[in-house]
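Please read this briefing with the sequence and the 3D view side by side, and look up each element as it comes up.

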Amino acid sequence: MSGKSKLKRQKLIRQAVENLNHSYMESVIESSLDKNIQMIRKLFEDVDILKLKEIRGGGKKGQRYCLVFMDSMVNDFLINDDIVKPLMLSKLTSSGEELINILDKQIVQINETEKTDSMSKIIEAICSGDTVLFADGAPQVLLLNTREFPTRQLEEPTNEKTLSGPKEGFNESLSANLSLLRRRIKSPEFKIKLLNIGRRTRTKTCICYIKGLADEKVLDELYKRLEKIDIDGILDVNYLNELIKDHPYSLFRSTGKTSRPDSLAGKLLEGRIALLVDGSPDALTVPYLFIENFQSSDDYYINFYYSSFFRFTRILVFIITISVPGFYVAIVAFNHEMIPTQLLINAAAERQSVPLPAALEAFIMLTVFNILREAGLRMSENIGQALSIVGALVIGQAAVEAKLVAAPMIVVIGLTAISSLVVPRMNSSSIFIRLFLLLLASCLGFYGLVIGLSAVLVNILNLRSFGISQVSPVASFKQQNIKDLFIRAPIGIMKDRPVTSVNPVRMEIKNNDDA
Amino acid sequence: MSIVSGMAVDKSPDSENFRLTFELLDTAKPIKEQGVDNEIVVSEGKTFFDAARNAKRLLHNKLYFGHMETAVISEEIAKSGALAQLIDWFLRDIEFRETLDIVVAKGIPAKEIFHTHGISQPIVAYEIERIINQDSKITASTVEKHLYELYNELNMEGICPVLPAVNILTIDEKKTCQVAGCAVFKGTRLAGYLTPEETKYYLYAVDRVDGGLLTFPAKGNGKDDTTLEVIESNTKISFTFKKGKLKFKLEPKVIAFLDEIAEPLDSLDEQKIKELTKNAEVSLSSRIRNVVKKVQGEFGSDIFGFGNMIYRKDPKLWKKLREDWSETFSGLSVEVSSKIEIVTTSWLEKKGV
């Protein structure tokens, strides 16, 4: 097919899709119940779990109603006792809008109701587990909250484990997540705005922030970016992440991600804005600082000396994990004068008996390590034991004894592997940075390693997130920013909020010595 | 790569070529059992670099000099002035460390040094380097000269270099090398040797003492029977030029412990201690003076750096003197007045009541 006609065909398809969506998005219900039921049946043709229940009220008029709901998502008891029963016992004579009003306020015994005449809203409601009440002769319908569907029990999130402190994690239900948050921040300034994003999925997303602490400019920017999104469906918060973040092709994050309510509440109190999505247990936070990659929520729940020490360690370990393979190759292949003689003798002796040059060996071992890691992630628990033995024995012991790989290389790669597990959030970036530095070190030795590290540093310094530079607390080095940067100062000392908030004063410390 | 730990420089006996002997670290044998062994490789060439490259004709790997610590030169090379050419090669080539030690083999061909056995570990070059390195604090019997220091001294005004000297000691048919004083150079040519004892007093004259021992007769004459352990030493060197006469004054100031004495001394007896100190000072001053005289008389080379000092403090005077500095130096009058402070004698009361 030639290029031009291919484009034309694509345009036609797109037009047809638009029309399809357009047709029910804009339509409005009619007053006639039969016509409405026909419309619903046509729209939800081949959706066998959609249920329609026709009810007749009592009295002289015998008002006709119809309940529309999805079978597996509703609370049957609620429908039976609080909707069907009162409707059947009712004896209404009014019509039109008044009818709906009376139903809403006097007959139907449901706490959350909404009046609407828009078909798109009705469809959304049915698909969310609401029951829609059609009344013959009424120009509007009533949406009744009867949702009940299975959700996962609240568990500790697997990739954000902490030593002490709360162990609740978000689950996939937005309402459950919001309840966890709301209970932690009880002030009316904690705002929650709901949106629907995604043409086909109409996913409920939620923007949370604390008014007065969050920067209005960041909020506006966030709304602007969300409005620009035109996508089929949002299945996970990462879809949103990739559509709104500052550096879509960078190795590093521009938005924060957490699945712990306590951690999210902490970030909200620092003036950040959170994005939650129905169906995903993770929450995004903006704006993002680079140092957040190395922070863990349990820094606040344990002794501050201990947590300060571990913060330092995490940063150091990150540097170790990206530069050690390159460093080792640089020493063994290029700059032999950098190490003490005894060490060089050992390294040279090992290298005599090994077939491959150091750089190639390092690449191969890194690949093997990545394979092991992926296998460990995805394997079932039954073969876990056997596989770890195979991994350790075969790759570690046997490879060295068969002189395929030099023993110091195993040590180096082992160190890299363990180090990469300390800061799991950086894992996705560190794999590539490590390869890049290894490549440079293999070509240019220490010089290459230093060039590579400088390039990475410059890249990090240029990162931005929603209007602020990601390294601004390090760059400006104001006293307050240091207290939560590489160390964790005691909570009594952290009087001001960090740079992400417009309202700097966190607390007024009442001095016990006064009065 | 073949790691070179030490190199010996000789003149080839049958031609004009230089013969280099390399001590290599043998990485082929497993290390865990015995520790590293050494291998000797010899090669010849018209120039030093030529000889080094020629070694590849019989080696699997190229020579790697990044960890070479010692270069031993033979008397013949030292006397011929080829030292300058050797240093030039060392400095131009990237691989050599500027901190490597250059050592003169006294009375034997340089390659013999690498046919000895190190006592504590098999690599001779590292043994020599360690002995020289730690000498200043323990025996003060030789001078340590790194390559860059040697180069500096050869190019400075009014100073001649001194290099450590090694020779071979045979114990029960086993040969090991030992450090034996130093070699005195005039310019780039060897002028002579100083014994370890003489080297010690030379070190006092140039203020390079970090430790070591001083022995002297307690009563002022006879055999040395007292030992002082030197803790700190500073020598103040000054000169005066009056009426066309140049006079140098050396004032060593030493802080020491009393460690050994033939007749027991009552340590609380101040008079006795003062007498002892005075005898030590006299002994030290006279011995330093003797060494200076020997150097002036026998070698005529200014290894004390007197000329350099004049150059730095009074350049105009140096301009006048530098032409005939050798002769001037030989006739220089040097005064030595030492001061020793015995800080502790380690006994609190008289022994054997």
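This is a predicted model: local features need pLDDT of at least 70, side-chain atom pairs count only at pLDDT 80 or more; totals for chains, interfaces and linings use all residues.

- Strand 3 of chain A is joined to strand 5 of chain A, at residues 141–144, by 4 bridges, and the two strands run antiparallel.
- Within this pairing, A:Glu114 has A:Leu143 in strand 5 of chain A as its bridge partner.

- Another open sheet of 5 strands in chain A has the order 6-7-9-10-8, and the pairing in it is antiparallel.
- Its edge strands, each pairing on one side only, are strand 6 (190–197) and strand 8 (256–258) of chain A.
- The twist in this sheet averages 25 degrees from one strand to the next.
- Strand 6 of chain A and strand 7 of chain A, the latter at residues 203–210, run antiparallel and are joined by 8 bridges, and A:Lys193 stands opposite A:Ile207 in strand 7 of chain A.
- Helix 6 of chain A (residues 174–184) packs on the sheet, where it touches strand 6, strand 7 and strand 9 of chain A, and its direction makes about 10 degrees with that of strand 7 of chain A.
- Helix 9 of chain A (residues 261–269) lies across strand 7, strand 8, strand 9 and strand 10 of chain A, and it runs at about 50 degrees to strand 7 of chain A.

**The domains of chain A**

- Chain A is divided into domain 1 (25–144), domain 2 (174–288) and domain 3 (304–465).
- The C-alpha centres of domain 2 and domain 3 of chain A are 36 Å apart, and 10 residues of domain 2 of chain A are in contact with 7 residues of domain 3 of chain A.
- On the side of domain 2 of chain A that touches domain 3 of chain A, there are 5 nonpolar, 4 polar and 1 charged residues.

**Strand 1 of chain B and its partners**

- Of the 10 residues of strand 1 of chain B (residues 2–11), 9 are buried, so this strand is largely enclosed by the rest of the structure.
- Strand 1 of chain B pairs with strand 2 of chain B (residues 18–26) in the antiparallel sense over 7 bridges, and these two strands form a hairpin with 6 residues between them.
- In that pairing, B:Gly6 has B:Glu23 in strand 2 of chain B as its bridge partner.
- With strand 5 of chain B (residues 70–74), strand 1 of chain B pairs in the parallel sense over 4 bridges, and B:Ala8 has B:Val72 as its bridge partner there.
- Strand 1 of chain B also pairs with strand 4 of chain B (residues 63–64), in the parallel sense and over 2 bridges.

**The domains of chain B and helix 5**

- Chain B is divided into domain 1 (1–194) and domain 2 (196–353), and the contact between them takes 23 residues from domain 1 and 26 residues from domain 2 of chain B.
- On the domain 1 side of this contact, the elements that give two or more residues are helix 5 (124–138), strand 8 (174–186) and strand 9 (189–194) of chain B, and strand 8 of chain B gives the most, with 6 residues.
- The 15 residues of helix 5 of chain B should span 21 Å at 1.5 Å a residue, which agrees with the 20 Å between its end C-alpha atoms.
- Several residues of helix 5 of chain B are buried, among them B:Val124, B:Tyr126 and B:Ile131.

**The contact between the chains**

- Chain A and chain B each give 9 residues to the contact between them, and the side of chain B that touches chain A has 6 nonpolar, 3 polar and no charged residues.

Terms used: Residues are numbered from 1 along each chain as its sequence is written. Chains are lettered from A and ligands numbered from 1 in the order in which they are written. Two residues are in contact if their C-beta atoms, placed from the backbone, lie within 7 Å. Ala, Val, Leu, Ile, Met, Phe, Trp, Tyr, Cys and Pro count as nonpolar, Asp, Glu, Lys and Arg as charged, and the others, Gly among them, as polar. Domain bounds come from an automatic or database domain assignment. A residue is buried if 20 or more other C-beta atoms lie within 10 Å of its own, exposed if 12 or fewer, and partly exposed in between; C-beta atoms are placed from the backbone. Two strands pair if DSSP finds at least two bridges between them. The expected span of a helix is 1.5 Å times one less than its number of residues. Axes are lines fitted to C-alpha atoms, for helices over the stretch in contact, and angles run from 0 to 180 degrees between N-to-C directions.
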